[in-house]
Amino acid sequence: MKEPVADRPLQGIRILDFTRVLAGPMSTALLADLGADVIKIEPPQGDDYRAIGPMRDGQSALFTVMNRNKRSMVLDLKHPQAVALVHEMAAQVDVVVENFRPGVAQRLGIGPEQLRALNPRLVYVSVSGFGQNGPLAHRPAYDIIVQAMSGLMEATGEPDGPPTLVGEAVSDVVAGLFASWGTLAALLQVQRTGHGQHVDVAMLDTTLSFLATSVARYLFTGAPARRVGNRHPLSTPFGVYRAKDGHFALAVLNHKLFTALAQTIGHPDLSSDARYATDENRSLHEPQLRTLIETWAQQHAVADVVAQLDTAGVPAAPIWNIEQALQSPQVQARGFLRSVDDPQLPNLQLPTQPVHFSASAPNRSERAPRLGEHTDSVLQHWLGRSQEALSLLRASGALGQ
(Lines give C-alpha, C1' and ligand atoms only; values in the text may rest on other atoms or scores of the structure.)
Protein backbone atom coordinates (compact mmCIF):
# COMPACT_ATOMS: atom_id res chain seq x y z
CA MET A 1 0.00 0.00 0.00
CA LYS A 2 1.36 3.38 -0.97
CA GLU A 3 1.78 5.74 1.97
CA PRO A 4 0.47 9.33 1.74
CA VAL A 5 3.31 11.81 1.26
CA ALA A 6 3.75 14.20 4.18
CA ASP A 7 6.32 16.84 5.05
CA ARG A 8 9.94 15.88 5.48
CA PRO A 9 10.61 14.22 8.87
CA LEU A 10 12.34 17.27 10.41
CA GLN A 11 10.19 19.97 8.85
CA GLY A 12 9.84 22.86 11.32
CA ILE A 13 12.97 22.01 13.36
CA ARG A 14 15.30 25.01 13.68
CA ILE A 15 19.02 24.52 14.26
CA LEU A 16 21.84 26.97 14.95
CA ASP A 17 25.04 25.40 13.64
CA PHE A 18 28.37 26.69 14.96
CA THR A 19 30.34 23.73 13.60
CA ARG A 20 33.13 23.73 11.07
CA VAL A 21 35.36 21.31 9.17
CA LEU A 22 33.83 17.78 9.03
CA ALA A 23 32.27 15.97 12.02
CA GLY A 24 29.88 18.73 13.13
CA PRO A 25 28.90 19.91 9.63
CA MET A 26 28.17 16.33 8.60
CA SER A 27 25.77 15.89 11.52
CA THR A 28 23.82 19.01 10.61
CA ALA A 29 23.88 18.17 6.89
CA LEU A 30 22.13 14.87 7.66
CA LEU A 31 19.47 16.78 9.59
CA ALA A 32 19.13 19.43 6.88
CA ASP A 33 18.58 16.70 4.26
CA LEU A 34 15.45 15.76 6.19
CA GLY A 35 14.03 19.26 6.27
CA ALA A 36 15.56 20.92 9.33
CA ASP A 37 16.23 24.64 8.88
CA VAL A 38 19.96 24.86 9.63
CA ILE A 39 21.50 28.31 10.06
CA LYS A 40 25.27 27.97 9.82
CA ILE A 41 26.95 30.67 11.93
CA GLU A 42 30.38 31.42 10.45
CA PRO A 43 33.16 33.77 11.56
CA PRO A 44 34.04 36.60 9.15
CA GLN A 45 36.74 34.46 7.51
CA GLY A 46 34.35 31.53 7.09
CA ASP A 47 34.56 27.83 7.86
CA ASP A 48 38.13 26.53 7.34
CA TYR A 49 36.73 23.98 4.87
CA ARG A 50 35.87 26.75 2.40
CA ALA A 51 39.60 26.91 1.60
CA ILE A 52 40.33 23.15 1.52
CA GLY A 53 40.64 21.40 -1.85
CA PRO A 54 39.81 19.91 -4.18
CA MET A 55 38.35 23.10 -5.61
CA ARG A 56 36.05 23.64 -8.58
CA ASP A 57 35.50 27.19 -9.85
CA GLY A 58 36.63 28.52 -6.48
CA GLN A 59 34.29 26.27 -4.48
CA SER A 60 35.55 23.61 -2.07
CA ALA A 61 34.24 20.11 -2.72
CA LEU A 62 34.34 19.17 0.97
CA PHE A 63 32.60 22.35 2.11
CA THR A 64 29.95 22.02 -0.60
CA VAL A 65 29.13 18.42 0.30
CA MET A 66 29.13 18.90 4.08
CA ASN A 67 27.11 22.11 4.09
CA ARG A 68 24.36 21.32 1.61
CA ASN A 69 20.84 22.49 2.42
CA LYS A 70 22.02 25.09 4.95
CA ARG A 71 21.92 28.88 5.23
CA SER A 72 25.01 30.91 6.13
CA MET A 73 25.12 33.84 8.53
CA VAL A 74 28.30 35.70 9.47
CA LEU A 75 28.72 36.80 13.09
CA ASP A 76 31.88 37.89 14.87
CA LEU A 77 31.36 36.15 18.20
CA LYS A 78 34.05 38.26 19.82
CA HIS A 79 31.64 41.18 19.51
CA PRO A 80 29.03 41.61 22.30
CA GLN A 81 26.26 42.54 19.87
CA ALA A 82 26.86 39.34 17.89
CA VAL A 83 26.57 37.28 21.08
CA ALA A 84 23.35 39.13 21.93
CA LEU A 85 21.96 38.13 18.52
CA VAL A 86 22.85 34.49 19.22
CA HIS A 87 21.00 34.70 22.54
CA GLU A 88 17.96 36.09 20.77
CA MET A 89 18.01 33.32 18.16
CA ALA A 90 18.71 30.57 20.71
CA ALA A 91 15.47 31.44 22.45
CA GLN A 92 13.62 30.54 19.24
CA VAL A 93 15.41 27.40 17.99
CA ASP A 94 15.17 23.71 18.85
CA VAL A 95 18.85 22.76 18.59
CA VAL A 96 22.31 24.31 18.86
CA VAL A 97 25.29 22.33 17.58
CA GLU A 98 28.92 23.35 18.17
CA ASN A 99 32.33 21.76 17.90
CA PHE A 100 34.56 24.22 19.71
CA ARG A 101 37.10 22.84 22.12
CA PRO A 102 35.51 22.37 25.57
CA GLY A 103 35.24 25.68 27.40
CA VAL A 104 35.43 27.92 24.32
CA ALA A 105 31.67 28.26 23.85
CA GLN A 106 31.26 29.26 27.49
CA ARG A 107 33.98 31.90 27.18
CA LEU A 108 32.22 33.30 24.12
CA GLY A 109 28.97 33.49 26.06
CA ILE A 110 27.15 30.81 24.05
CA GLY A 111 27.74 27.74 26.21
CA PRO A 112 25.04 25.19 27.08
CA GLU A 113 24.15 26.69 30.48
CA GLN A 114 24.01 30.20 29.04
CA LEU A 115 21.75 29.34 26.11
CA ARG A 116 19.58 26.77 27.88
CA ALA A 117 18.83 29.38 30.56
CA LEU A 118 17.13 31.33 27.77
CA ASN A 119 15.34 28.28 26.33
CA PRO A 120 14.76 25.28 28.65
CA ARG A 121 13.58 23.16 25.69
CA LEU A 122 16.86 23.67 23.84
CA VAL A 123 18.90 20.64 22.79
CA TYR A 124 22.55 21.72 22.91
CA VAL A 125 24.94 19.36 21.12
CA SER A 126 28.72 19.52 21.60
CA VAL A 127 31.00 17.55 19.28
CA SER A 128 34.67 17.34 20.29
CA GLY A 129 37.65 15.06 20.06
CA PHE A 130 37.58 13.66 23.60
CA GLY A 131 34.35 14.93 25.16
CA GLN A 132 33.56 17.56 27.77
CA ASN A 133 35.35 15.83 30.65
CA GLY A 134 38.36 13.63 31.31
CA PRO A 135 42.11 14.30 31.29
CA LEU A 136 42.24 14.70 27.48
CA ALA A 137 39.16 16.91 27.11
CA HIS A 138 41.24 20.03 26.45
CA ARG A 139 43.17 18.51 23.54
CA PRO A 140 42.32 19.28 19.91
CA ALA A 141 41.66 16.33 17.64
CA TYR A 142 41.49 15.57 13.96
CA ASP A 143 40.48 12.28 12.40
CA ILE A 144 44.03 10.91 12.23
CA ILE A 145 44.57 11.64 15.94
CA VAL A 146 41.49 9.66 16.94
CA GLN A 147 42.24 6.81 14.54
CA ALA A 148 45.68 6.59 16.19
CA MET A 149 44.36 6.62 19.77
CA SER A 150 41.27 4.42 19.37
CA GLY A 151 43.03 1.23 18.26
CA LEU A 152 41.68 1.54 14.72
CA MET A 153 45.04 2.34 13.15
CA GLU A 154 46.88 -0.32 15.15
CA ALA A 155 44.43 -2.95 13.85
CA THR A 156 44.66 -1.85 10.21
CA GLY A 157 47.31 -2.94 7.70
CA GLU A 158 49.37 -5.98 6.84
CA PRO A 159 50.62 -8.23 9.69
CA ASP A 160 54.27 -7.36 9.07
CA GLY A 161 53.61 -3.73 8.13
CA PRO A 162 53.14 -0.50 10.08
CA PRO A 163 49.84 0.71 11.56
CA THR A 164 47.77 2.10 8.69
CA LEU A 165 45.42 5.05 8.42
CA VAL A 166 42.00 4.04 7.10
CA GLY A 167 41.53 5.70 3.72
CA GLU A 168 38.55 7.80 4.82
CA ALA A 169 37.91 10.20 7.70
CA VAL A 170 35.93 7.55 9.55
CA SER A 171 36.31 9.05 13.03
CA ASP A 172 34.90 12.36 11.82
CA VAL A 173 32.09 10.68 9.92
CA VAL A 174 31.09 8.36 12.77
CA ALA A 175 31.08 11.28 15.22
CA GLY A 176 28.84 13.24 12.85
CA LEU A 177 26.48 10.31 12.52
CA PHE A 178 26.23 9.79 16.29
CA ALA A 179 25.76 13.53 16.81
CA SER A 180 22.75 13.53 14.47
CA TRP A 181 21.39 10.42 16.20
CA GLY A 182 21.89 12.00 19.62
CA THR A 183 20.15 15.19 18.47
CA LEU A 184 17.07 13.25 17.38
CA ALA A 185 16.98 11.19 20.59
CA ALA A 186 17.12 14.36 22.69
CA LEU A 187 14.38 16.00 20.59
CA LEU A 188 12.13 13.00 21.25
CA GLN A 189 12.72 13.40 24.98
CA VAL A 190 11.81 17.10 24.76
CA GLN A 191 8.44 16.05 23.35
CA ARG A 192 7.86 13.85 26.42
CA THR A 193 9.29 16.04 29.15
CA GLY A 194 9.35 19.60 27.83
CA HIS A 195 13.04 19.87 28.80
CA GLY A 196 16.11 19.93 26.61
CA GLN A 197 19.61 18.89 27.61
CA HIS A 198 23.31 19.00 26.78
CA VAL A 199 24.37 16.19 24.40
CA ASP A 200 28.11 15.43 24.65
CA VAL A 201 29.61 13.61 21.62
CA ALA A 202 33.31 12.63 21.57
CA MET A 203 35.11 11.39 18.47
CA LEU A 204 37.13 8.91 20.57
CA ASP A 205 33.98 7.45 22.15
CA THR A 206 32.11 7.14 18.86
CA THR A 207 35.08 5.55 17.10
CA LEU A 208 35.39 2.97 19.87
CA SER A 209 31.68 2.23 19.46
CA PHE A 210 32.34 1.77 15.73
CA LEU A 211 35.07 -0.81 16.46
CA ALA A 212 32.58 -3.55 17.31
CA THR A 213 34.84 -6.51 16.49
CA SER A 214 37.92 -5.14 18.24
CA VAL A 215 36.02 -4.19 21.38
CA ALA A 216 34.12 -7.48 21.60
CA ARG A 217 37.27 -9.52 21.08
CA TYR A 218 39.16 -7.64 23.80
CA LEU A 219 36.31 -7.86 26.32
CA PHE A 220 36.03 -11.64 25.90
CA THR A 221 39.68 -12.63 25.40
CA GLY A 222 41.76 -9.77 26.76
CA ALA A 223 43.63 -9.74 23.45
CA PRO A 224 43.89 -6.53 21.42
CA ALA A 225 43.09 -6.67 17.72
CA ARG A 226 46.04 -7.49 15.47
CA ARG A 227 46.74 -6.48 11.91
CA VAL A 228 45.58 -9.18 9.50
CA GLY A 229 45.62 -7.35 6.17
CA ASN A 230 42.71 -7.84 3.78
CA ARG A 231 40.81 -10.40 5.82
CA HIS A 232 38.40 -10.44 8.72
CA PRO A 233 40.22 -10.54 12.08
CA LEU A 234 38.07 -13.39 13.40
CA SER A 235 36.25 -15.21 10.56
CA THR A 236 37.50 -17.29 7.60
CA PRO A 237 37.15 -17.27 4.62
CA PHE A 238 36.18 -13.63 4.93
CA GLY A 239 38.40 -11.24 3.04
CA VAL A 240 40.01 -10.32 -0.26
CA TYR A 241 41.29 -13.02 -2.64
CA ARG A 242 43.14 -13.04 -5.94
CA ALA A 243 41.50 -14.06 -9.22
CA LYS A 244 42.94 -14.27 -12.75
CA ASP A 245 42.58 -10.56 -13.53
CA GLY A 246 42.29 -8.89 -10.13
CA HIS A 247 40.83 -9.33 -6.67
CA PHE A 248 37.41 -10.05 -5.22
CA ALA A 249 35.82 -9.98 -1.77
CA LEU A 250 34.37 -13.10 -0.16
CA ALA A 251 32.25 -13.42 2.99
CA VAL A 252 31.58 -16.86 4.48
CA LEU A 253 30.26 -16.80 8.04
CA ASN A 254 28.54 -20.16 8.60
CA HIS A 255 28.87 -23.83 7.66
CA LYS A 256 26.06 -23.73 5.09
CA LEU A 257 27.88 -21.04 3.13
CA PHE A 258 31.18 -22.86 3.55
CA THR A 259 29.66 -26.04 2.11
CA ALA A 260 28.41 -24.07 -0.91
CA LEU A 261 31.85 -22.50 -1.35
CA ALA A 262 33.60 -25.87 -1.11
CA GLN A 263 31.37 -27.32 -3.82
CA THR A 264 31.87 -24.28 -6.07
CA ILE A 265 35.68 -24.42 -5.92
CA GLY A 266 35.70 -28.18 -6.61
CA HIS A 267 36.53 -29.41 -3.10
CA PRO A 268 33.22 -30.65 -1.62
CA ASP A 269 35.19 -32.78 0.89
CA LEU A 270 36.27 -29.61 2.74
CA SER A 271 32.86 -29.28 4.35
CA SER A 272 33.38 -32.54 6.26
CA ASP A 273 37.05 -31.88 7.09
CA ALA A 274 37.49 -31.32 10.85
CA ARG A 275 40.02 -28.56 10.17
CA TYR A 276 37.23 -26.47 8.62
CA ALA A 277 34.24 -27.63 10.66
CA THR A 278 33.88 -24.35 12.59
CA ASP A 279 34.62 -20.72 11.90
CA GLU A 280 37.28 -20.77 14.59
CA ASN A 281 38.97 -23.85 13.07
CA ARG A 282 38.85 -22.31 9.60
CA SER A 283 40.63 -19.22 10.96
CA LEU A 284 43.35 -21.42 12.48
CA HIS A 285 43.94 -22.93 9.04
CA GLU A 286 43.47 -19.75 7.02
CA PRO A 287 46.66 -20.02 4.90
CA GLN A 288 45.79 -23.53 3.61
CA LEU A 289 42.20 -22.51 2.87
CA ARG A 290 43.35 -19.34 1.09
CA THR A 291 45.60 -21.42 -1.15
CA LEU A 292 42.72 -23.69 -2.19
CA ILE A 293 40.38 -20.76 -2.91
CA GLU A 294 42.95 -18.79 -4.89
CA THR A 295 44.12 -21.82 -6.88
CA TRP A 296 40.55 -22.12 -8.13
CA ALA A 297 39.89 -18.39 -8.48
CA GLN A 298 43.05 -17.68 -10.50
CA GLN A 299 41.67 -19.84 -13.29
CA HIS A 300 38.79 -17.35 -13.73
CA ALA A 301 38.23 -13.66 -14.24
CA VAL A 302 36.79 -11.70 -11.30
CA ALA A 303 33.41 -11.35 -13.04
CA ASP A 304 33.20 -15.11 -13.55
CA VAL A 305 34.28 -15.85 -9.96
CA VAL A 306 31.63 -13.54 -8.56
CA ALA A 307 28.97 -14.95 -10.90
CA GLN A 308 29.70 -18.55 -9.87
CA LEU A 309 29.70 -17.72 -6.18
CA ASP A 310 26.54 -15.67 -6.51
CA THR A 311 24.79 -18.58 -8.23
CA ALA A 312 25.79 -20.79 -5.31
CA GLY A 313 24.42 -18.24 -2.84
CA VAL A 314 27.86 -17.30 -1.47
CA PRO A 315 28.33 -13.55 -0.79
CA ALA A 316 31.06 -12.25 -3.08
CA ALA A 317 31.78 -8.99 -4.87
CA PRO A 318 34.14 -7.29 -7.27
CA ILE A 319 36.23 -4.50 -5.76
CA TRP A 320 34.95 -1.20 -7.14
CA ASN A 321 36.49 2.21 -6.97
CA ILE A 322 34.32 5.16 -5.92
CA GLU A 323 33.39 6.01 -9.52
CA GLN A 324 32.20 2.46 -10.18
CA ALA A 325 30.19 2.49 -6.95
CA LEU A 326 28.50 5.86 -7.53
CA GLN A 327 27.76 5.13 -11.19
CA SER A 328 26.48 1.61 -10.55
CA PRO A 329 22.82 0.92 -11.42
CA GLN A 330 22.20 -0.11 -7.81
CA VAL A 331 23.37 3.16 -6.26
CA GLN A 332 21.64 5.18 -8.97
CA ALA A 333 18.40 3.31 -8.35
CA ARG A 334 18.63 4.21 -4.65
CA GLY A 335 18.98 7.93 -5.39
CA PHE A 336 22.05 8.55 -3.23
CA LEU A 337 23.22 11.39 -5.49
CA ARG A 338 20.90 14.31 -6.14
CA SER A 339 21.15 16.96 -8.86
CA VAL A 340 21.46 20.41 -7.29
CA ASP A 341 20.94 23.80 -8.92
CA ASP A 342 24.03 25.97 -8.43
CA PRO A 343 24.84 28.67 -11.01
CA GLN A 344 28.52 28.60 -10.02
CA LEU A 345 28.78 24.81 -10.28
CA PRO A 346 26.83 23.57 -13.32
CA ASN A 347 25.75 19.90 -13.31
CA LEU A 348 26.42 19.65 -9.58
CA GLN A 349 25.46 16.45 -7.79
CA LEU A 350 25.58 16.03 -4.03
CA PRO A 351 24.96 13.06 -1.73
CA THR A 352 21.98 12.89 0.58
CA GLN A 353 21.37 11.00 3.80
CA PRO A 354 20.82 7.33 2.90
CA VAL A 355 17.69 6.32 4.86
CA HIS A 356 14.44 6.04 2.89
CA PHE A 357 11.08 7.11 4.36
CA SER A 358 7.89 5.83 2.75
CA ALA A 359 5.59 8.63 3.90
CA SER A 360 7.83 11.67 3.67
CA ALA A 361 8.60 14.23 1.02
CA PRO A 362 11.90 13.71 -0.85
CA ASN A 363 15.07 14.86 0.87
CA ARG A 364 16.13 18.44 0.27
CA SER A 365 18.61 19.03 -2.56
CA GLU A 366 19.97 22.56 -2.24
CA ARG A 367 23.48 23.93 -2.72
CA ALA A 368 25.80 24.97 0.09
CA PRO A 369 25.51 28.67 0.96
CA ARG A 370 27.95 31.41 0.06
CA LEU A 371 29.67 32.95 3.07
CA GLY A 372 27.16 35.16 4.90
CA GLU A 373 24.61 34.81 2.13
CA HIS A 374 21.64 34.73 4.51
CA THR A 375 22.82 37.09 7.26
CA ASP A 376 20.43 39.89 6.34
CA SER A 377 17.44 37.66 5.61
CA VAL A 378 17.76 35.82 8.94
CA LEU A 379 18.04 39.05 10.89
CA GLN A 380 15.14 40.64 9.04
CA HIS A 381 12.71 37.73 8.87
CA TRP A 382 13.68 35.81 12.01
CA LEU A 383 14.49 38.64 14.36
CA GLY A 384 12.57 41.50 12.74
CA ARG A 385 15.54 43.82 12.28
CA SER A 386 15.01 46.84 10.03
CA GLN A 387 17.39 47.86 7.28
CA GLU A 388 18.57 50.70 9.51
CA ALA A 389 19.29 48.26 12.33
CA LEU A 390 21.24 46.04 9.93
CA SER A 391 23.36 48.99 8.88
CA LEU A 392 24.14 49.80 12.50
CA LEU A 393 25.08 46.20 13.24
CA ARG A 394 27.32 46.08 10.23
CA ALA A 395 28.99 49.36 11.21
CA SER A 396 29.59 48.01 14.70
CA GLY A 397 31.55 45.03 13.38
CA ALA A 398 29.17 42.44 14.83
CA LEU A 399 28.53 41.06 11.33
CA GLY A 400 32.16 41.16 10.31
CA GLN A 401 33.76 43.70 8.01
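**Reading strands, sheets and helices**

Analyst: Helices (H or I, at least four residues) and strands (E, at least two) are DSSP runs, numbered from the N terminus, and two strands pair if DSSP finds at least two bridges between them. This is a predicted model, in which local features need pLDDT of at least 70 and side-chain atom pairs count only at pLDDT 80 or more, while totals for chains, interfaces and linings use all residues. Residues are numbered from 1 along each chain as its sequence is written, and side-chain values use heavy atoms, with hydrogens and water left out.

User: In which sense do strand 1 and strand 2 pair, and over how many bridges?

Analyst: Strand 1 (residues 14-17) pairs with strand 2 in the parallel sense, over four bridges. Strand 2 is also parallel to strand 5 (residues 70-74), to which five bridges join it, and there Glu42 stands opposite Val74.

User: What do strand 1, helix 1 and strand 2 make together?

Analyst: A crossover is right-handed if, with the strands pointing away from the viewer, the path from the first strand over the helix to the second runs clockwise. Here strand 1, helix 1 (residues 23-33) and strand 2 make a right-handed β-α-β unit.

User: Why is strand 2 largely enclosed by the rest of the structure?

Analyst: Buried means under 20% relative accessible area, exposed over 50%, and partly exposed in between, with a 1.4 Å probe and protein chains only. Strand 2 (residues 37-42) is largely enclosed because five of its six residues are buried. For the protein chain as a whole, 45% of the 401 residues count as buried.

User: In what order do the six strands of the open sheet lie?

Analyst: The order is 5-2-1-6-7-8, and the pairing is parallel. Strand 5 and strand 8 (197-202) are the edge strands, each pairing on one side only. Axes are lines fitted to C-alpha atoms, for helices over the stretch in contact, and angles run from 0 to 180 degrees between N-to-C directions; with direction ignored, neighbouring strands of this sheet are turned by 20 degrees against each other on average. Within the sheet, strand 6 (residues 95-98) and strand 7 (residues 123-128) pair over four bridges, and Val97 has Val125 as its partner in strand 7.

User: How many residues does helix 7 have, and what follows just after it?

Analyst: The expected span of a helix is 1.5 Å times one less than its number of residues. Helix 7 (residues 170-193) has 24 residues and reaches 34 Å from its first C-alpha to its last, close to the 34 Å expected. Just after helix 7, Gly194 takes a positive phi of about 80 degrees.

User: Which strands form the antiparallel open sheet?

Analyst: Three strands form that sheet, in the order 9-10-11. Its edge strands are strand 9 (238-243) and strand 11 (316-318), each pairing on one side only. Strand 10 (residues 246-251) and strand 11 share three bridges, and Phe248 stands opposite Pro318 in strand 11.
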